[in-house]
Amino acid sequence: MNQFSGRPGAGHRGSERGIYTELRRQIEDGTLAAGQKLPSTRALAAELCVSRTTVTAAYEQLAAEGFVQTSSGKAARVMAVAGASSSAAKASSTLPRETAPVLSRYAQRVAAMQPYRMAYAQARIDFRFGAIVSGDFPALSWQRAYRDELIKRQPGGYHSVPEGETRLRTALQGYLRRARGLTCDPQQILVVHGSQQGLDLCARLLLNPGDAFVFEDPGYRMARQCFEATGASPLAIAVDTSGLDTRCLPDSDQVRLAYVTPSHQFPMGAVLPITRRLELLAWASRNRAWIIEDDYGGEFRYGQRPIDALQSTDTDGRVIYVGTFSKALTPQLRLGYLVLPRELVQVFREAKRLTDRHSASWEQNVLASMIESGAYERHVRRLRRENERRRKALLEAVEAHLGGISELRGMAAGLHGVLRLPTLSARHEASLQAALLERGVGVYPLSPLFATPVSPDCERPAALILGYAGLTSEQIDEGVRILAAVVRDHLAQGDQPR
């Protein structure tokens, strides 16, 4: 028998894991060559002063992983291991290697995208749009409903259905009819992990490379990137004070869908009037295109009842309605839903099954309980009043500190406004943002949401998106006061951006 060419160190004596680790290391680095016999379990046990059972267990583990071969009555023998040290392996290690991973075309498109940065740790007052105050969450109602759900006898421990819990979809059917004027069957509702997963499903199932899609300009950047990642081409349609300019919609069989925010255009805040809604629906019917209606903040309208959903006017089954609980409850819940045309229901369900099987069942049933009891709608009404106070605080602060040099738009609904600064250029947005961040205030430039980036000759006025739902009235006033000081510093320095 060949002598064992190396032994586990003293620190490994008596340890099955230590013997296994040392032997494996010697096999991988070539100290124990392929075909070499190992000492018998009895001999190695005596040498290391451990029990034979310990050595046998280490050998069995090595054999199970393919490092050695064992057979009754014969010595264990080292197997050839790919990647073990050899002259050929050492030579190949000197060859040039690709430093970047090999990615799919989808992944390459995603890697090339520039994210819109939304979080600043150093911002003491953050006008982040889409943020809400954690204290607004209905903790007591949620806790009671969650406790009741936990103590119920659960139907089983297997995966749920991909379309979502029947109870929640039934509750949503009634809520959408009352709150959004939307008529559907529970079977048309698909529960998803937030609206972004819903948009991703739409992109994957409705677009091919070479197709085109319509989006609002400016518009929601993550939706646009979601569709672009499929290889489809974006067609930017400008928005005005009435939202998407439907006169510019192209008649083409290559345009497969249009993404719109008709109840509160993101980010400018316009409401799409009925004439344009009918024109958009007629365009979709004529071109057999889909309309994705993102109703991200439809529940929050001030001074009058919320505008009915576009889907409520659709008679040809061309609208996919996207809803979310991020604004009314919390983005951390990750619950949203799609209301689908009947012909798309089955394929979307199967795609959801492939993506993540199903959304969290307990949370769905807790939410269903709150909707059934009326607690959810009471919470929305209370939250609307709270956000109306914050909205009023922003309007008053802008008037007090920026009156005459700014204009606040898009404040009739939603949870943010767009502050236009006509005396400054869009080229100043980045320097305004940086200067404010130095003073602990986070603001967000409008320009990255346009299809065309800012250029040296850009004539658009500077504009900032100010979310107010995550701040107190006092924070809003202080933040706008600091913003006003920075704006006046820029004006005093002339037109050239820093």
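Predicted model: local features only at pLDDT ≥ 70, side-chain atom pairs only at ≥ 80, totals over all residues.
Colleague: How many bridges pair strand S1 with strand S2, and in which sense?
Modeller: Strand S1, residues 68-71, pairs with strand S2, residues 74-78, over three bridges in the antiparallel sense.

Colleague: What do S1 and S2 form, and which residue in the turn has a positive phi?
Modeller: S1 and S2 make a hairpin that leaves two residues between them. In the turn, Gly73 has a positive phi of about 80°.

Colleague: Let us move to the open sheet. What is the order of its four strands?
Modeller: The order is S12-S13-S16-S15, and the pairing is antiparallel. Strand S12 (407-409) and strand S15 (444-445) are the edge strands, each pairing on one side only.

Colleague: How many bridges join S13 to S16?
Modeller: Seven bridges join strand S13, residues 416-425, to S16, and the two run antiparallel. Within S16, Gly467 is the residue opposite His416.

Colleague: And how many bridges are there between S15 and S16?
Modeller: S15 pairs with strand S16, residues 461-467, over two bridges, again in the antiparallel sense. Tyr444 has Ile465 as its bridge partner in S16, while Pro445 stands opposite Leu464.

Colleague: Why is S16 described as largely enclosed?
Modeller: Six of the seven residues of S16 are buried, so the rest of the structure largely encloses this strand.

Colleague: Now the charges. How many salt bridges does the structure hold?
Modeller: The structure holds 26 salt bridges. One of them joins the side chains of Glu407 and Arg409, at 3.0 Å from N to O. Glu407 counts as partly exposed at 32% relative accessibility, and Arg409 counts as partly exposed at 30%.

Colleague: Which residues are linked with Arg25 in a network of salt bridges?
Modeller: The network links Arg25 with Glu22 and Asp29. Between Arg25 and Asp29, the closest N and O atoms are 2.9 Å apart. Arg25 is partly exposed, with 41% relative accessibility, and Asp29 is partly exposed, with 32%.

Colleague: What about Asp136: with which residue does it form a salt bridge?
Modeller: Asp136 forms a salt bridge with Arg390, and their closest N and O atoms are 2.9 Å apart. This pair links distant parts of the chain, 254 residues apart: Asp136 is in the loop between strand S3 (125-126) and H6, and Arg390 is in helix H13.

Colleague: Is Asp136 buried or exposed? And is Arg390 buried or exposed?
Modeller: Asp136 counts as buried because its relative accessibility is 8%, under the 20% cut-off. Arg390 likewise counts as buried, at 8% relative accessibility.

Colleague: Staying with H13, where does Glu377 lie, and what does it touch?
Modeller: Glu377 lies in helix H13, which covers residues 375-402. Setting aside residues up to four places away in sequence, Glu377 touches Tyr175 and Arg178. Glu377 counts as buried, at 18% relative accessibility.

Colleague: In which helix is the place of Gln173?
Modeller: Gln173 is in helix H7, residues 166-180. Gln173 is buried, with a relative accessible area of 17%. Apart from neighbours within four places in sequence, Gln173 is in contact with Cys184, Asp185, Pro186 and Ile189.

Colleague: Another helix, then. How many residues of H8 are buried?
Modeller: Of the 13 residues in H8, 11 are buried, which leaves the helix mostly covered. Among them are Gly194, Leu199, Asp200, Cys202 and Leu206.

Colleague: What distance does H8 reach from its first C-alpha to its last?
Modeller: Helix H8, residues 194-206, reaches 19 Å, close to the 18 Å expected at 1.5 Å a residue.

Colleague: Finally, the surface. Which residues make the nonpolar patch?
Modeller: Leu150, Ile151 and Trp362 make a nonpolar surface patch of about 320 Å². Ile151 is in helix H6, residues 139-151.

Colleague: Is Ile151 buried or exposed?
Modeller: Ile151 is exposed, because its relative accessible area is 67%, and the cut-off for exposed is over 50%.

Note on methods:
Residues numbered from 1 in each chain as written. Heavy atoms only, no water. Expected span 1.5 Å × (residues − 1). Buried < 20%, exposed > 50% of the residue type's maximum accessible area, 1.4 Å probe, protein only. Patch = residues over 30% accessible without salt bridge, like charges linked within 9 Å, V, L, I, M, F, W, Y side chains within 5 Å. Areas by Shrake-Rupley, 256 points an atom, 1.4 Å probe, with all protein chains shown as cover. Salt bridge = Lys/Arg side-chain N within 4 Å of Asp/Glu carboxyl O. Pairing = 2+ DSSP bridges. Contact = heavy atoms within 4.5 Å.
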